[in-house]
Amino acid sequence: MTIKGKAYIAGIFEHPTRHAPDKSTAQLHAEVAKGAIEDAGLSKDDVDGYFCAGDAPGGAWPMVDYLGLNTKKLRHVDSTETGGCSYIIHLGHAAEAIAAGKCSIALITLAGKPRTGVMPPRAAGAEVDFESAYGATTHNAYGMCAMRHMHDYGTTSEQLAWIKVAASHHAQYNPHAMLKDVVTVEDVLNSPMISDPLHRMDCCVVSDGGGALIVTTPEIAKSLKKPLVKLIGHGEAMKGPRGGKDLDLTYSAGVWSGPRAFEEAGVTPKDIKYASIYDSFTITVLMQLEDLGFCKKGEGGKFVADGNLISGVGKLPFNTDGGGLCSNHPVNRGGMTKIIEAVRQLRGEAHPKVQVKNCDLAIAHGTGGLLGVRHAASTAILERV
Amino acid sequence: MSETKKYPAPATNPETAAFWEAAKQGKFMIKRCTACGEAHYFPRAICPFCYSDKTVWEQASGEGTIYTYSLMRKSPTGPYAIGYVTLKEGPSVQTNFVDCDLTTLKIGQKVKVVFKPTDGAPLPFFTVA
């Protein structure tokens with residue numbers, strides 16, 4: 001059984017806010033839900049599947065109640081929590097549920113306010129006594145990956161900087177982007193060192209906000225007015241040090257989720273016209289491009305240099321909304337916005353300055369957790385019909 | 001910096017209590033599986049490689065090499081270096097580097113374990129050998 005072509009993304013909504021001290025987290029979930037349902041041309045009472053992750057206050061049942069979903073109709077829920085890539089995993093799970101007839105109109109929401117206040121801590125894992133004292137943060141966990149990647153493959157800070165440069169070229173056209181200024185490699189290298197070897201401009205922004213998706217059957221999607229975008233391949237995977245034996249911070253679980261998605265889709269990285277790649281840090285992008293097979297392992301530095309990720313300039317336009325590096329990173333979770341910009345590209349709704357011509361095949365890929373410690377990854381391949 | 005930094009006491013649990021009891025004696029313990037022969041860290045009752053429950057405690061040499069590191073330039077308690085050490089016995093462990101020049105750390109550098117006190121059992125850290 002495959003989910004290939006069994007589910008379409010019929011509604012998308014990205015919250016325009018980047019700072020929402022005057023709103024509640026649940027309210028932001030409701031605003032993005034409303035936005036995606038309206039984008040699809042549906043009503044909230046049509047929703048019969050709901051998907052949320054750890055950012056949803058209280059989890060699925062308080063959210064279903066708060067959102068006022070039609071509980072006589074709602075027949076499938078999934079609160080899979082895998083950090084920033086939860087929503088890419090939800091997309092695959094929604095397709096599975098739709099293919100199995102368990103629901104026909106699935107709503108996926110993400111929202112939160114890390115810019116307004118401190119986020120609640122994640123529940124501790126079995127490793128807590130053996131790791132929590134050492135102060136692993138996103139910055140230093142990805143710094144450790146970058147340090148080892150540089151050691152093993154000769155990757156340079158200049159090469160990493162090109163990823164931020166490309167994101168900034170795209171962000172200048174996004175009126176909602178937090179950072180709209182185009183930056184140079186020198187700007188990145190001259191920004192303060194945060195956690196070696198990552199500079200401030202190697203890091204994504206911290207923003208409030210959110211996003212939502214409507215995933216539905218081919219038949220329902222075709223009855224609506226939006227351009228048709230279908231999911232043709234999906235993969236998910238997890239990776240950790242496993243007893244300290246498997247520690248290798250130069251690659252991510254994308255080495256497994258990527259091939260699973262490409263195989264299901266029946267396409268290869270060479271076929272992809274646009275790539276949404278989770279960009280919590282520049283090194284995140286570089287490692288994932290290698291892991292997904294856009295270049296060989298260790299050659300990511302050369303691949304991203306000289307504007308290769310800039311729309312209209314390079315071979316692989318990426319994160320044309322400015323991504324997490326420049327536009328937003330709602331709830332410190334980048335998976336949702338990765339899907340949304342990929343759908344915009346496939347619909348032809350991206351900003352004209354960054355819209356990829358004849359964009360009929362796109363990838364949205366993300367990770368959750370810390371690449372330097374333990375994490376999940378998920379890959380979605382989307383096609384315009 | 002590391003001398004004055006306050007570290008949280010490990011909560012401990014039945015599965016790992018022996019590790020922390022040994023730490024109080026200055027011993028750095030790993031677990032080894034007598035079924036498959038593999039060592040692992042942090043310690044589990046069930047071997048993560050072969051699922052045997054025949055895992056036994058083993059005092060490690062406390063010696064290893066730096067696999068990777070990152071120097072966090074600012075924090076409420078000052079700069080600190082997080083990293084992984086690959087132990088002589090095989091497993092790689094997450095740690096902080098302490099009591100040494102954090103600006104000259106190198107991947108491959110030899111390091112050794114050192115314990116730092118908490119309000120409970122002491123915590124293992126690594127310093128340049």
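Author: Helices (H or I, at least four residues) and strands (E, at least two) are DSSP runs, numbered from the N terminus. This is a predicted model, in which local features need pLDDT of at least 70, side-chain atom pairs count only at pLDDT 80 or more, and totals for chains, interfaces and linings use all residues. Residues are numbered from 1 along each chain as its sequence is written, and chains are lettered from A and ligands numbered from 1 in the order in which they are written.

Start with H9(A). This helix covers residues 254-265 of chain A, twelve residues in total. From first C-alpha to last it reaches 16 Å, close to the 16 Å expected (1.5 Å times one less than the number of residues). Gly266(A) follows H9(A), and its phi is positive, near 70°.

Which residues of H9(A) are buried? They are Gly254(A), Ser257(A), Gly258(A), Ala261(A), Phe262(A) and Ala265(A). Buried here takes 20 or more other C-beta atoms within 10 Å of the residue's own; 12 or fewer is exposed, in between is partly exposed, and C-beta atoms are placed from the backbone. Down the axis of H9(A), the buried residues fall within an arc of 125°, so they line one face of the helix. The arc is that of the directions from the axis to the C-beta atoms. The cover over these residues includes strands S8 (229-239), S10 (361-369) and S11 (375-384) of chain A, and also helix H10 (282-292).

The loop between S8 and H9 of chain A holds Arg242(A). Its phi is near 40°, a positive value in a residue other than glycine. Arg242(A) is partly exposed, with 13 other C-beta atoms within 10 Å.

H10(A) also packs on another helix. Its axis and that of H6(A), residues 157-171, come within 9 Å and cross at roughly 100°. Axes are lines fitted to C-alpha atoms, for helices over the stretch in contact; angles run from 0 to 180 degrees between N-to-C directions. H6(A) and H10(A) are therefore roughly perpendicular (65 to 115 degrees; under 35 is roughly parallel, over 145 roughly antiparallel, the rest oblique). Leu160(A), Ala161(A), Ile163(A) and Lys164(A) on the H6(A) side meet Thr282(A), Ile283(A), Val285(A) and Leu286(A) on the H10(A) side. Contact means C-beta atoms, placed from the backbone, within 7 Å. Nonpolar covers Ala, Val, Leu, Ile, Met, Phe, Trp, Tyr, Cys and Pro; charged covers Asp, Glu, Lys and Arg; the others, Gly among them, are polar.

What does Ala146(A) touch, leaving out residues up to four places away in sequence? Its contacts are Leu160(A), Pro197(A), Leu198(A) and Ile283(A). Ala146(A) sits in helix H5 (residues 138-153) of chain A. It is buried, with 29 other C-beta atoms within 10 Å. Ala146(A) and Leu198(A) are 52 residues apart in sequence, yet 7.6 Å apart in space, C-alpha to C-alpha. Pro197(A) belongs to the loop between strands S5 (193-195) and S6 (198-199) of chain A. The peptide bond from Asp196(A) to Pro197(A) is cis, with omega near 0°.

Another helix pair of chain A is H3(A), residues 86-99, with H13(A), residues 335-347. Their axes are 6 Å apart, at an angle of about 60°. H3(A) and H13(A) are therefore oblique to each other. H3(A) brings Ser86(A), Tyr87(A), Ile88(A) and Leu91(A), while H13(A) brings Gly335(A), Met336(A), Lys338(A) and Ile339(A). Five of the residues in this contact are nonpolar, two are polar and one is charged.

Last comes H1(A), residues 25-40. Its 16 residues should span 22 Å, and the end C-alpha atoms are 23 Å apart, which agrees. The buried residues of H1(A) include Leu28(A), His29(A), Glu31(A), Val32(A) and Ile37(A). Among the elements covering the buried residues are strands S1 (7-14), S4 (105-112) and S7 (209-216) of chain A, along with helix H2 (60-66). Just after H1(A) comes Gly41(A), with a positive phi of about 80°.

Methods: Two residues are in contact if their C-beta atoms, placed from the backbone, lie within 7 Å.
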